[in-house]
Amino acid sequence: MHNKQPLTEQDIFNLRKAHNIFPVYKMIDTCAGEFSAYVPYFYSTYETENESFISNRKKVVVLGSGPIRIGQGVEFDYSTVHAIWSIHKAGYEAIIINNNPETVSTDYTTSDKLYFEPLTVEDVMNIIELEKPLGVVVSLGGQTAINLAEPLHRLGVPVIGTGVQAIENAENRDCFEKIMTALNIPQPKGQAVYNVEDGVTAAATIGYPVLVRPSYVLGGRAMQIVNNEESLKNYLQTAVEVNISQPVLVDKYINGKELEVDAICDGTDVFIPGIMEHVERTGIHSGDSISVYPTFSVSQKVKETIIAHTVKLGKAIGIIGLYNIQFIVDDTEHVFVIEVNPRSSRTVPFLSKATGISMADIATQVMLGRTLREQGITQVYPKEKSRWFVKAPAFSFSKIRGIDAYLSPEMKSTGEAVGYDSKLTRALYKALQSSGMTVANYGTLLVTIADCDKQRALPLIQRFYDLGFNIEATTGTADFLRQHGIRTRTRQKLSEGSNEIFESLRQGHVNYIINTIDINKTRTHFDGFEIRRCAVENNVSMFTSLETVSVLLDVLEEITLGISTVDAE
């Protein structure tokens, strides 16, 4: 009796099917019982009467992205809704499974039918057993939906668009590396490790600093840059549970420019509406970066390399529909691929709006069997727009207690805003203001900079000084700035027994804070954490990336020096 293998998810499903143990679906009454109405908006319950009318039409099910959370937000809802419209237009009955009350996809007027159910194998299979669709679209609901592809496939459900093998090719480390090697496309050196000892050995071989993350992560969760063995051991023992079924990826950290593309592949041809460049260098999650279309600082040669890699990878992985690739370009213009996401990404709405190309619509038609050429798309990369489009992240640090506002490879933003203009600085200004930042061109700047960043930060602080800002800094930074001719007021840290920085922030005397830390040192940055928390709680604009500071200065100089009036429109 005790030697029996535990039952699998598949076994339980087959057992329920054999005994006809399935829920029925009740209609959500949107009229509060006042009127008799059929509203195609359902929830499940184990009862007797089923209120979901089953039609004879051909049906396609689209999986949403579930509840909004950090790392996976309403951007995926955009692709889901556009796909539903395209499926409907193609003559199919369009069914959504999603359970987020705050999104458009769960408005019962969007699809032919809405099942307000959790995105689990059991709940999805119950609906599939009832509706018997042609198949399920899993590549538009972010990582939540794509994670269901393999278990649904095992239960015999056809996956429409990018299939299970293609998802495996992109997400399984070994499969992906074989494809990259065969295509001769460089990627940062890396290794999947299954225990602490292997992790230490791998990092020593690859060379510090390394980027460590669990495989199959959502929004860069638990991702970190580590620069020594002590930090790595601490990460592997406390931040994640590394084991044989949950490997941790250890990659060489390359400090360079980060770019990304969203593209569509139909198995034969590839269409790339645009290439986006991040303002912040590598080490900050793409969802937390300021993203610009078209690119603003890379050469034509780099763009051509990115396009070539995107075309090759889409075909070799086996993508049918949308996919996203993130790239690093180092200082010698070598292009590396960080990762390929075989699904819609959070930048699809931004790029669609910037280029005027409805990517989700085109991709859905591809998934339903209509090629890019049949849709009249013959160019791989269309002519770039003459306007600048900037996506700026929005954060909710003040509402989330205990979170560190320092930007890292783990995503922390909860929204985004877009600004566009014929001038890049004006587009940046609009995006920053719309994301909730107070853009002031006068006042006080508080600076606390890690030793390794001081030389890079100096010309930026000089620019604030030249604009007439008062400069305040913690002891080490203040000494350094004074040595370089910048009048600076010293502010004592909490660890030095003073509360003056916090009082100054609470009283509204500081307009901006620049705070950087040294990833090479074991993280004991208590002072920095407290300053960052106090800043966000008092709505003071704070920067932990010097690249973001640089673009802010471009905006401030334009406003202040009167080169053009940014807010003239």
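Where does L7 lie? I began at this residue and found that L7 sits in the segment before helix 1, which spans 9-18. I kept in mind throughout that this is a predicted model.

**Entry 1: the patch at L7.** I looked up the exposure of L7 and noted that, because its relative accessibility is 57% and exposed means over 50%, L7 counts as exposed. I then saw that L7, I12 and L15 make a nonpolar surface patch of about 280 Å².

**Entry 2: strand 17 and its partners.** I turned to strand 17, residues 388-394, and recorded that six of its seven residues are buried, so that I could call the strand mostly covered. I traced its pairing with strand 14, residues 291-293, which is antiparallel and runs over three bridges, and I noted that Y293 has F389 in strand 17 as its bridge partner. I also followed the antiparallel pairing of strand 17 with strand 18, residues 415-421, which extends over seven bridges, and here A394 stands opposite G415.

Entry 3: In helix 13, residues 424-434, I listed the buried residues as T425, R426, A427, L428, Y429, A431 and L432. Just after this helix I found G436 with a positive phi of about 105 degrees.

**Entry 4: the nonpolar cores.** I looked up the largest nonpolar core, which has 39 residues, and wrote down F464, I471, Y512 and L552 as those with the most contacts inside it. Among the elements that give two or more residues to this core are strand 17, helix 13, strand 19, helix 14 (454-466) and helix 18 (546-561). Helix 18 gives the most, with seven residues. I then checked F464 and, leaving aside its neighbours within four places in sequence, found contacts with L445, F469, I471, Y512, I514, V549, L552, L553 and L556. Last, I noted a second, separate core of 32 residues, which includes A83, L114, L322 and A354.

How values were computed
Residues are numbered from 1 along each chain as its sequence is written. This is a predicted model: local features need pLDDT of at least 70, side-chain atom pairs count only at pLDDT 80 or more; totals for chains, interfaces and linings use all residues. Side-chain values use heavy atoms; hydrogens and water are left out. Buried means under 20% relative accessible area, exposed over 50%, partly exposed in between (1.4 Å probe, protein chains only). Helices (H or I, at least four residues) and strands (E, at least two) are DSSP runs, numbered from the N terminus. Two strands pair if DSSP finds at least two bridges between them. Patches are made of residues with over 30% relative accessible area and no salt bridge: like charges are joined within 9 Å, nonpolar side chains (Val, Leu, Ile, Met, Phe, Trp, Tyr) within 5 Å. Accessible areas come from the Shrake-Rupley method with a 1.4 Å probe; for residues, only the protein chains shown count as cover. A salt bridge is a side-chain nitrogen of Lys or Arg within 4 Å of a carboxyl oxygen of Asp or Glu. A nonpolar core is a set of buried Ala, Val, Leu, Ile, Met, Phe, Trp, Tyr and Cys residues joined through side-chain atoms within 4.5 Å. Contact means heavy atoms within 4.5 Å.
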